[in-house]
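Please keep the viewer open as you read.

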Amino acid sequence: MSSNVKQGGLLSNKDLLTAFSRGIHLNGMNDYPAQMHSGYTYAMIPALKKIYKDDKEKRVDAYRRHMTEYFNVTPYVVGLPMGVTLALEEQNAQSDDFDTTTVTGVKTALMGPLSAIGDTIFHSTLRVIAVSVAVDLCMQGSFAGAVLFFLIFNVPQLLVRWWTLKMGYSMGTRFLEDAAATGVMDKISYAASVIGLAAIGAMTATNVALTTPITFGGAGETDPTALQALFDTVMPKMLPLLLVLACYWLLGKKKVNVVVLLIALIVVGVVLALCGIIG
């Protein structure tokens, strides 16, 4: 990939803001054949009209190129490939020998790494933190829980959408070269994974309530031994952890439908509680 690609300049902040606002609806136009292709194209249409203002043929080709290509990425980081794409489309408008397959190559190269980072940061970490804060407050009857969930999750993701769009447009393909040279994508992905696992562990300990009232032994003046006390001696919150791991195994390995799993948890939980096995 050439590093001589001329970086953006034609599009103003207002143009990028239009792409940003349209990009918020990206996942609302999802379909199975090509996933986010229509939403991605919709977000860029005003910018493409400006880039190809005097070249209708290239503009139509750009529409067709993005509408017919498969594209799927964590929506909150879509700004980066979109910004790079607009920079490349601008280069195409200024050159008669630009290889448009470069646009497809960049989009394809970014989908995997960005989705891994985006899913870890936003779905596995930030959303878990937001839910844990909201659940605690809502259980106390506070409306602030719903408000905080909205703010904790949406403010960062909107800022990231805008920042990555600006960065992608200003850096163009240079971002890919710098990322490959420094390995920054792998480092971010690893750090986000560690934070995500820690957040899930904390949420499991604080929000999953599962104990057992079972006791055994005890005769005469000897007090019975509580099974829960033994579990806590071995590992505090052992039962909640085992429950979460079991659900993870069923969802990930056995591909159990999430609705079926929720209903099963309710039914099994009620039965075990009535039988005095869990508290």
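This is a predicted model: local features need pLDDT of at least 70, side-chain atom pairs count only at pLDDT 80 or more; totals for chains, interfaces and linings use all residues.

The points below cover a helix, aromatic contacts, salt bridges and a surface patch.

1. Every value below is computed from it.

2. Helix H4. Of its 16 residues, 14 are buried, so H4 is largely enclosed by the rest of the structure.

3. Aromatic pairs. The structure holds five. One of them joins Phe-20 and Trp-162 edge-to-face, at 5.8 Å centre to centre and 80° between the planes. This pair links distant parts of the chain: Phe-20 is in helix H1, Trp-162 is in helix H6, and they are 142 residues apart. Phe-20 is buried, at 16% relative accessible area. Trp-162 is partly exposed, at 26%.

4. A tilted pair. The ring centres of Tyr-76 and Phe-122 lie 5.0 Å apart; their planes are at 45°, so the pair counts as tilted. Tyr-76 sits in the loop between helix H3 and H4, and Phe-122 in helix H5, so the pair ties together parts 46 residues apart in sequence. Both residues are buried. Tyr-76 and Phe-122 also form one aromatic cluster with Phe-149 and Phe-153.

5. Charge over a ring. Look at Arg-22. Its charged end sits over the ring of Tyr-42, 4.1 Å from the ring centre.

6. Salt bridges. A search of the whole structure finds four. Among them is Arg-64 with Asp-61, at 3.0 Å from N to O. These two are three residues apart in helix H3, about one helical turn. Both ends are partly exposed: Arg-64 has a relative accessible area of 48%, and Asp-61 has 32%.

7. Buried salt bridges. Arg-65 meets Glu-89 at 2.7 Å, N to O. That bridge links helix H3 to helix H4, across 24 residues. Arg-65 and Glu-89 are both buried. Glu-69 forms a salt bridge with Lys-107, with the closest N and O atoms 3.2 Å apart. Here the loop between H3 and H4 is linked to helix H5, and the partners are 38 residues apart. Glu-69 is buried at 15% relative accessible area. Lys-107 is buried too, at 2%.

8. Nonpolar patch. Which helix gives the most to the nonpolar patch? Helix H11 (residues 258–274) does, with seven residues. Leu-262 is in this helix. The patch lies on the surface, and its members, including Leu-251, Val-258 and Leu-262, together have about 660 Å² of accessible area.

Methods
Residues are numbered from 1 along each chain as its sequence is written. Side-chain values use heavy atoms; hydrogens and water are left out. Buried means under 20% relative accessible area, exposed over 50%, partly exposed in between (1.4 Å probe, protein chains only). Helices (H or I, at least four residues) and strands (E, at least two) are DSSP runs, numbered from the N terminus. Rings of Phe, Tyr and Trp (its six-membered ring) pair if their centres lie within 6.5 Å; planes under 30 degrees apart count as stacked, over 60 as edge-to-face and the rest as tilted. A charge sits over a ring if NZ of Lys or CZ of Arg is within 6 Å of the ring centre and within 35 degrees of the ring normal. Patches are made of residues with over 30% relative accessible area and no salt bridge: like charges are joined within 9 Å, nonpolar side chains (Val, Leu, Ile, Met, Phe, Trp, Tyr) within 5 Å. Accessible areas come from the Shrake-Rupley method with a 1.4 Å probe; for residues, only the protein chains shown count as cover. A salt bridge is a side-chain nitrogen of Lys or Arg within 4 Å of a carboxyl oxygen of Asp or Glu.
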